[in-house]
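Please have the sequence and the structure at hand while reading.

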Amino acid sequence: FFVIWEGRKLQNLGRELLIIMAARVFDSVLVTGSNRGIGLELIRQLVDSPSSPLQIFACCRDPDGPSAKELQTLADKHKDVITIVQLVTDSPESVVAAAKMVEVRLNGKGLNLVINNAGVNIPGSLLETGKQELVDVYTTNVVGPMLMAKHFHPLLCKSAAQFPDQSKMSCSRSAIVNVSTLLSSIKKCPENFSMSPMYPYRLSKAALNMLTRCLAEDFKKDAILVMALHPGWVQTEMGGPKAPLTTAQSVSGMITVITSLTEKHSGTLLDWEGKVIPW
Ligand code: NDP
């Protein structure tokens with residue numbers, strides 16, 4: 001016995017009725033770097049939420065490789081919701097191909113939310129940092145999100161245009177969330193520099209913040225919200241085992257913040273608890 005609801009076959013009726021009763025915050029979301037760490041946990045919590053989006057585009061560099069095993073298993077369990085998309089964020093060809101694939105899957109609808117989560121860190125003091133380290137980290141952490149914004153802009157516009165009130169912004173309507181870091185804050189640098197110098201990472205994420213601010217201004221006319229979000233210090237390959245937060249704790253906070261964003265948050269940097277971080 002099953003029921004069809006908004007094109008989805010409902011099999012586990014108890015759970016599915018809960019899903020229908022809970023207001024869905026957004027219909028579609030795309031997450032980059034979703035095969036591990038914070039990205040994978042975002043997909044897990046989004047699909048398990050009682051208000052799960054209808055479509056989740058889980059992007060990763062190597063969908064068929066061993067590093068995407070957990071994501072593949074999750075996607076197999078939620079075939080009707082999760083689509084795995086091959087995406088190297090700093091490759092223009094790959095971003096264009098991914099945007100085309102997502103457009104086809106959306107079947108005429110727009111995309112509500114892009115979470116630019118993919119990122120790299122090459123920890124380095126001044127002596128350890130050369131041109132290559134700076135360029136490599138900048139390419140992933142800045143060029144990637146910029147290409148994503150450029151090529152997914154039409155799908156985000158399509159989603160935003162479906163709402164009548166031009167002044168209202170939210171992730172239900174249309175938004176880009178750039179995953180940044182506390183270490184990007186110029187104001188906070190004196191408090192945390194000696195603990196983690198990380199020249200390439202800090203420089204690139206400060207540039208990501210400027211990209212966020214520019215896009216927030218640029219996309220205001222389209223009613224697309226753009227903000228930067230610090231996930232906290234999190235136990236992942238990048239964060240290491242000493243980090244105080246589990247991915248589950250960080251992502252639960254991130255989702256609460258993301259779902260409560262309004263136009264006043266566009267162009268800001270917030271942390272996973274919703275606190276403002278000064279640039
Ligand atoms: P991980 O190192 O665990 O995961 C990084 C993810 O990004 C992987 O999925 C990786 O894919 C992907 N990725 C890297 N480069 C590219 C690329 N060019 N194209 C596509 N995907 C790419 O990191 P976290 O989960 O910890 O970090 C996620 C985000 O959170 C990052 O932006 C990071 O800067 C930020 N952050 C993390 C903190 C922490 O404490 N962990 C603190 C503050 C911010 P692959 O498996 O193929 O390498």
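**Overall build**

Of the 279 residues in the protein, 43% are buried. The model is predicted, and the protein in it has 8 helices and 9 strands. The radius of gyration is 18 Å, close to the 19 Å given by the globule rule for 279 residues, so the protein is as compact as a globular protein of that length.

- The C-alpha trace spans about 65 × 45 × 35 Å along its principal axes.
- Counting contacts between residues at least 6 apart in sequence, 73% join residues at least 24 apart.

**Around the ligand**

- The ligand is surrounded by 32 residues, and the closest of them are G33, G37, G119, T236 and G239.
- The shell around the ligand is made up of 12 nonpolar, 15 polar and 5 charged residues.
- At least two residues of the shell come from each of α2 (37-48) and α5 (131-160).
- Helix α2 gives the largest share of the shell, with 3 residues.

**Helix α4**

- Helix α4 covers residues 92-106, 15 residues in all, and its span from first to last C-alpha is 21 Å, close to the 21 Å expected at 1.5 Å a residue.
- Its buried residues are V95, A98, A99 and V102. Viewed down the axis of α4, these buried residues fall within an arc of 100 degrees, so they line one face of the helix.
- The face turned away from the buried side of α4 carries the exposed residues E93, K100 and V104.
- The cover over the buried residues of α4 includes the strands β3 (28-31), β4 (55-60) and β5 (82-86), along with helix α5.
- After α4 comes N107, which has a positive phi near 50 degrees.

**Helix α7**

- Helix α7 covers residues 199-218 and has 20 residues; it reaches 29 Å from its first C-alpha to its last, close to the expected 28 Å at 1.5 Å a residue.
- The buried residues of α7 are P200, Y201, R202, S204, K205, A206, L208, N209, L211, T212, L215 and A216. Both R202 and K205 are on this buried list, and these two residues belong to the class counted as charged.
- The partners against which the buried residues of α7 pack are helix α5 and the strands β7 (175-179), β8 (225-230) and β9 (269-271).

- Most residues other than glycine have a negative phi.
- M198, a residue other than glycine, has a positive phi near 40 degrees. The loop between α6 (189-192) and α7 is where M198 is found.
- Is M198 buried or exposed? M198 has 22 other C-beta atoms within 10 Å and is buried, since the cut-off for a buried residue is 20 or more.
- A223 is not a glycine either, yet its phi is positive, about 65 degrees. A223 sits in the loop between α7 and β8.
- How many other C-beta atoms lie within 10 Å of A223? There are 23, and A223 is therefore buried.

Note on methods
Residues numbered from 1 in each chain as written. Predicted model: local features only at pLDDT ≥ 70, side-chain atom pairs only at ≥ 80, totals over all residues. Near = placed C-beta within 6 Å. Helix = DSSP H or I, 4+ residues; strand = E, 2+ residues; numbered from the N terminus. Expected span 1.5 Å × (residues − 1). Buried ≥ 20, exposed ≤ 12 C-beta atoms within 10 Å, placed from the backbone. Contact = placed C-beta atoms within 7 Å. Rg over C-alpha atoms; globule rule 2.2 N^0.38 Å. Arc of directions from axis to C-beta.
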